[in-house]
Amino acid sequence: VRVPAICDRLIGNGDWNGAPVLFIPGNSGSYKQARSLASVALRKGLDNNWAHHLDYFTVDLNEEYSALFGGVLEEQTEFVGQCIKEILNLYRRLPNRPQSVTIVGHSMGGTIAYALLRNSEIAPLVGTIIALSAPLDKPAINLDVYINAFYRSINEKFQESRKKRLIGNQTNTCCPGRHGEIFEDPEASPAKGFDDKLLISIGGGSRDVIVHPGLSDSIFSDIHTMSTSVPSVWLTTDHLCAVWCLQSVLVLNRFLYSTIKPVKGRDAYGKGHQFIDEKDEKLAKAMHYLKKPSVDRRHKEVILVSGNRLGDWVEDSRRVFTHQFKGGLNTTRFQMVRLTDLPQYELLNVEMINLENDDWLFGCAALEVIETMRYWLVLSSLFP
């Protein structure tokens with residue numbers, strides 16, 4: 001019932017000739033959360049004089065608590081599937097009309113996007129899925145049989161139709177030490193499968209206390225990364241910030257724009273825009289925008305030659321502290337964090353902004369003493 005009403009409003013809004021992107025909100029999420037992504041895409045379209053641009057769509061799921069009551073998940077999935085067909089129907093008169101949509105799903109919206117691929121009628125209409133802080137392989141909290149059945153049906157369909165998948169995720173950008181392997185299931189049917197779908201999962205990190213990093217990963221995703229592992233994104237994002245963090249939004253839109261097929265000819269504006277079909281090409285672009293260059297600095301040592309280059313070695317015994325240098329620094333400062341065996345010191349979380357140098361995290365013994373300051377001459381560079 002809701003689909004015609006939404007599509008009537010869409011048709012009345014004017015001319016649609018961009019590449020379609022659908023945003024799916026999550027648990028208790030509002031369709032208005034798409035404004036951050038869409039506004040950045042709008043400005044980028046204006047900058048290139050609409051030579052190529054994105055059309056953002058969103059769905060109103062009535063802010064239902066889909067993570068707390070699984071009885072609405074199948075209805076929401078069916079509703080979103082009908083919306084996808086209606087969205088593509090808006091472009092039916094264009095000579096170069098898009099054949100698929102790219103989905104950006106937040107939280108349970110990302111899980112619903114994965115569930116859409118179970119439908120053989122809707123799956124061909126979806127090219128790329130980007131899941132933001134979404135519990136993909138299992139729920140954040142399993143409260144009823146409906147949630148359990150919903151996730152089980154997704155996993156069974158993926159195991160059946162995902163003939164090639166990355167076990168351990170070779171493209172896991174937040175865990176570079178994890179080496180995966182490509183598993184080929186001989187029982188999966190390529191005709192009914194969806195190995196051609198690009199599946200991307202992005203976790204928030206330590207600030208996301210609702211969907212922790214482990215839940216945001218999926219063995220079926222082609223790329224899994226955390227917000228701080230994405231180039232040009234400085235900090236972790238909490239659960240809601242994942243949809244409006246400007247640094248993350250800019251990167252996602254750059255990637256989406258890079259996946260639009262170029263249109264030749266003078267009348268490119270009116271012909272419509274499609275997304276790239278080749279998964280390998282989209283995957284290469286995703287790795288470019290979402291993965292930092294891997295540089296192994298574990299064995300790199302920095303030697304401080306003389307006492308004049310020691311700088312200031314400062315140790316703070318507090319568990320949580322912040323330093324600001326509004327006027328900059330005139331000398332090199334080493335902020336020392338002591339490593340202990342106490343349980344409350346098992347995890348170390350360091351966040352820095354406006355940093356220019358690549359090497360800034362080192363390990364040392366700091367056994368030498370000069371006046372009241374402890375220091376060490378040889379530092380071993382750790383992963384930045």
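This is a predicted model: local features need pLDDT of at least 70, side-chain atom pairs count only at pLDDT 80 or more; totals for chains, interfaces and linings use all residues.

Student: Why is the pair of Trp16 and Phe57 called tilted?

Tutor: The ring centres of Trp16 and Phe57 are 4.9 Å apart, and centres within 6.5 Å make a pair. Their planes stand at 35°, while stacked requires under 30 degrees and edge-to-face over 60, so the pair is tilted. The pair links distant parts of the chain, with Trp16 in the loop between α1 and β1 and Phe57 in strand β2, 41 residues apart.

Student: How do you know whether Trp16 is buried or exposed?

Tutor: Trp16 has a relative accessible area of 16%, and because buried means under 20%, Trp16 is buried. Phe57, at 3% relative accessibility, counts as buried by that cut-off of 20%.

Student: What makes the pair of Phe69 and Tyr146 edge-to-face?

Tutor: The planes of Phe69 and Tyr146 are 75° apart, and over 60 degrees counts as edge-to-face; the centres are 5.8 Å apart, which is within the 6.5 Å that a pair needs.

Student: What makes you say that the charged end of Lys44 sits over the ring of Tyr257?

Tutor: The charged end of Lys44 is 5.3 Å from the centre of the Tyr257 ring, which meets the distance part of the rule, within 6 Å, and Lys44 is accordingly listed as sitting over that ring.

Definitions and conventions: Residues are numbered from 1 along each chain as its sequence is written. Side-chain values use heavy atoms; hydrogens and water are left out. Rings of Phe, Tyr and Trp (its six-membered ring) pair if their centres lie within 6.5 Å; planes under 30 degrees apart count as stacked, over 60 as edge-to-face and the rest as tilted. Helices (H or I, at least four residues) and strands (E, at least two) are DSSP runs, numbered from the N terminus. Buried means under 20% relative accessible area, exposed over 50%, partly exposed in between (1.4 Å probe, protein chains only). A charge sits over a ring if NZ of Lys or CZ of Arg is within 6 Å of the ring centre and within 35 degrees of the ring normal.
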